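These are my notebook entries on a structure that I examined by looking up its features one at a time. Each entry records what I looked up and what I found.

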Amino acid sequence: MEYEAVIGLETHVQLRTRTKMWCGCANEYGAEANTNVCPVCLGLPGVLPVPNAEALRKTALTGMLLNCDVPSYAKWDRKNYFYPDNPKNYQLTQLDFPSTIEGFVDFEFGEGTERVRINRAHLEEDVGKSTHFADHSGVDFNRAGVPLLEIVTEPDLTGADMAYEYLNALKAILEYGGVSDCDMEKGQVRCDVNISVRPIGQTELGEKIEIKNMNSFSGVRRAAGYEIERQIGVLREGGTLVQETRRWDDAVGITESMRTKEDAHDYRYFPDPDLMPHTPSEEWLAEVRASVMELPLARKRRLMADFQLPASDAEVFVGDAALGDYFEVAANGAKNPKAVANWVMNNLQAKLVETGGSVADVKFEASAIGELVGLIEGGQINSKIAQDVFVKMFESGKSPAAIVEEKGLSQVSDSGELEAFCNEAIEANPGPAEDFRNGKETALNFLKGQVMKASRGKANPQMVGELLKNILGS
Amino acid sequence: MGNMREDLQHAVKLARIELTAEEEARLGSQLGDILKYVDKLNELDVEGVEPTAHAVPLTNVLREDEPRESISHEAAMRNAPKTANGLFIVPKIVE
């Protein structure tokens with residue numbers, strides 16, 4: 001019998017805000033332990049939480065980017081459990097009226113595009129960070145109360161690689177929207193993976209196994225791959241699967257049982273009495289909607305269509321949005337946008353890395369790159385001179401035409417003048433000239449190099465090649 | 001109402017407490033009285049009444065994302081029975 005996998009993901013993402021979800025403590029990674037804490041996020045008695053408006057905006061924005069509805073009513077609930085990293089003994093979350101519901105994410109997978117439906121993206125709070133020692137644990141509550149968005153998919157993913165590509169696409173969208181920095185190293189993205197398998201053709205789902213708290217996408221891919229094989233193996237051998245929670249051991253590369261359904265938690269959810277519901281108005285939603293931007297996949301496709309860029313170039317500009325914006329201005333109206341893309345990705349990028357600057361610091365107008373390409377294509381300068389012109393543009397901010405004019409860098413395409421250079425080169429280098437006449441093609445490059453040198457790089461290299469051949473061939 | 005003894009044991013387990021047989025009997029009957037009292041609400045006819053999570057007619061009580069001074073580290077740790085390296089020390093967490 002053949003089996004198929006069914007995967008759903010719950011991805012937790014820390015929102016990029018200045019303060020925590022319910023109090024004014026800084027939402028900041030890497031501070032000294034227990035310094036960004038106050039009575040609210042320490043769960044001391046008698047305090048009142050007040051929701052962070054920016055976190056609600058970013059949640060709604062995320063919903064819009066994930067094609068979700070943003071309902072006109074959302075509320076918070078208490079999820080009760082004891083754990084040392086959870087100072088209030090409950091986590092504030094959204095159970096039955098989340099801030100966003102029912103969307104989808106389109107992402108590239110294999111040769112085509114796949115769609116995974118989003119069940120909801122709801123707002124909750126992060127817990128403290130535990131450090132484990134030999135005989136005790138230590139807790140830092142700086143992270144407690146940081147706004148955390150939980151993005152829940154429908155079980156639409158059918159394999160480990162597909163889950164991996166969805167996560168990458170989701171991360172790109174969240175980074176694009178400025179919703180989260182998605183820094184995996186800082187634990188800003190964590191993932192729970194729900195996996196079941198069933199015989200192909202069966203409509204009901206198999207027993208769901210959850211792998212908790214994955215902190216890397218490649219880990220999700222490996223764990224899902226392992227778990228699918230394991231479950232199919234159990235069924236093939238006539239065994240049965242029970243609903244359970246498992247833990248991924250990354251070092252060994254296996255999952256192990258943590259708890260089964262019998263000792264599943266009883267969270268006793270109830271509405272939080274301290275937090276009033278959120279009822280976004282049309283005006284508020286319109287304001288959020290104004291910051292909805294083009295999604296990475298849409299941008300990639302547009303760059304490929306409008307500027308005839310190969311996928312790899314478009315991906316560079318999608319991956320670095322500021323560079324992409326710059327390219328679009330530079331390539332606007334350019335006859336050869338691909339050439340403009342090369343200048344932006346290679347020369348400009350290299351200069352920015354070298355100087356540690358960003359595109360905002362570039363002194364010349366973005367359109368100057370288009371002009372530079374125009375000068376090369378029009379034969380006014382050759383590509384070697386163009387490199388020098390670019391360096392001067394970067395230093396001075398002057399237009400390429402002005403630099404060419406000022407420094408007398410115009411390409412020499414006057415055949416009389418070039419012929420003189422060629423004759424000089426041949427006379428000065430009888431050996432290579434003879435070699436070429438005897439059929440050694442590469443000798444021509446040497447002579448060409450001499451001519452370029454004599455003309456201080458300004459000679460039109462194609463014309464030089466042809467002239468040399470003519471002279472030597474006659 | 002379900003089995004009172006089972007309900008009590010479940011609540012005891014969730015609250016991570018232990019009860020003596022005497023406490024179990026006393027608290028069991030008290031819990032029964034409380035639940036019976038709350039059960040009276042079921043006598044109300046709420047046909048056509050929208051369920052609500054809040055009785056207070058307030059919504060959108062929010063604050064802007066402006067940082068405020070946190071309390072000092074010393075003040076934060078003051079009530080902790082045990083601390084080390086700036087951390088709250090707790091029994092070893094293993095799940």
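**Entry 1. A cysteine in a loop**

I first asked: is A:C182 buried or exposed? I took buried to mean under 20% relative accessible area, exposed over 50%, and partly exposed in between, with a 1.4 Å probe and protein chains only. A:C182 has a relative accessible area of 3%, and therefore it counts as buried. I located A:C182 in the loop between α2 (160-176) and β9 (189-199) of chain A. Helices (H or I, at least four residues) and strands (E, at least two) are DSSP runs, numbered from the N terminus. I noted that the phi of A:C182 is positive, about 50°, although the residue is not a glycine.

For the record, this is a predicted model, in which local features need pLDDT of at least 70 and side-chain atom pairs count only at pLDDT 80 or more, while totals for chains, interfaces and linings use all residues. Residues are numbered from 1 along each chain as its sequence is written, chains are lettered from A and ligands numbered from 1 in the order in which they are written, and side-chain values use heavy atoms, with hydrogens and water left out.

A:C38 is in no disulfide, and its nearest cysteine sulfur, that of A:C25, lies 3.6 Å away. A:C38 is buried, because its relative accessible area is 11%. A:C68 is likewise in no disulfide; for this residue the nearest cysteine sulfur is that of A:C182, at 16 Å. With 10% relative accessibility, A:C68 is also buried.

**Entry 2. A positive phi at an asparagine**

I recorded a positive phi, near 60°, at A:N67, a residue other than glycine. A:N67 sits in the loop between α1 and β2 (77-80) of chain A. Its relative accessible area is 33%, so A:N67 is partly exposed.

I counted as a salt bridge any side-chain nitrogen of Lys or Arg within 4 Å of a carboxyl oxygen of Asp or Glu. The search of the whole structure finds 36 of them over all chains.

I then followed A:E54. A:R57 forms a salt bridge with A:E54, and the closest N and O atoms are 2.7 Å apart. The two are separated by about one helical turn, because they are 3 residues apart in helix α1 (residues 53-65) of chain A. A:E54 also meets A:K58 in a salt bridge, at 3.3 Å from N to O. A:E54 and A:K58 are 4 residues apart in helix α1 of chain A, again about one turn. An α-helix has 3.6 residues a turn, so residues three or four places apart point the same way. A:E54 is buried at a relative accessible area of 19%, and A:K58 is buried too.

**Entry 3. Helix α5 of chain A**

Which residue does A:K300 meet in a salt bridge? The partner is A:E108, at 2.7 Å from N to O. This pair links distant parts of the chain, with A:K300 in helix α5 (residues 296-307) and A:E108 in strand β4 (residues 100-109) of chain A, 192 residues apart. A:K300 counts as buried because its relative accessibility is 7%, whereas A:E108, at 35%, is partly exposed.

I also noted a network of salt bridges that links A:E294, A:R299, A:R302, A:D306, A:D325 and A:E328. A:L297 is found in helix α5 of chain A and is buried, with a relative accessible area of 16%. A:L297 and A:E315 are 18 residues apart in sequence, and their C-alpha atoms are 9.0 Å apart in space.

**Entry 4. Helix α3 of chain A**

I checked the length of helix α3 (residues 217-236) of chain A. At 1.5 Å a residue its 20 residues should span 28 Å, which agrees with the 28 Å between its end C-alpha atoms; the expected span is 1.5 Å times one less than the number of residues. Among the buried residues of α3(A) are A:F217, A:V220, A:E227 and A:R230. A:G238 follows α3(A) and has a positive phi, near 85°.

Notes:
A disulfide is a pair of cysteine sulfur atoms within 2.5 Å.
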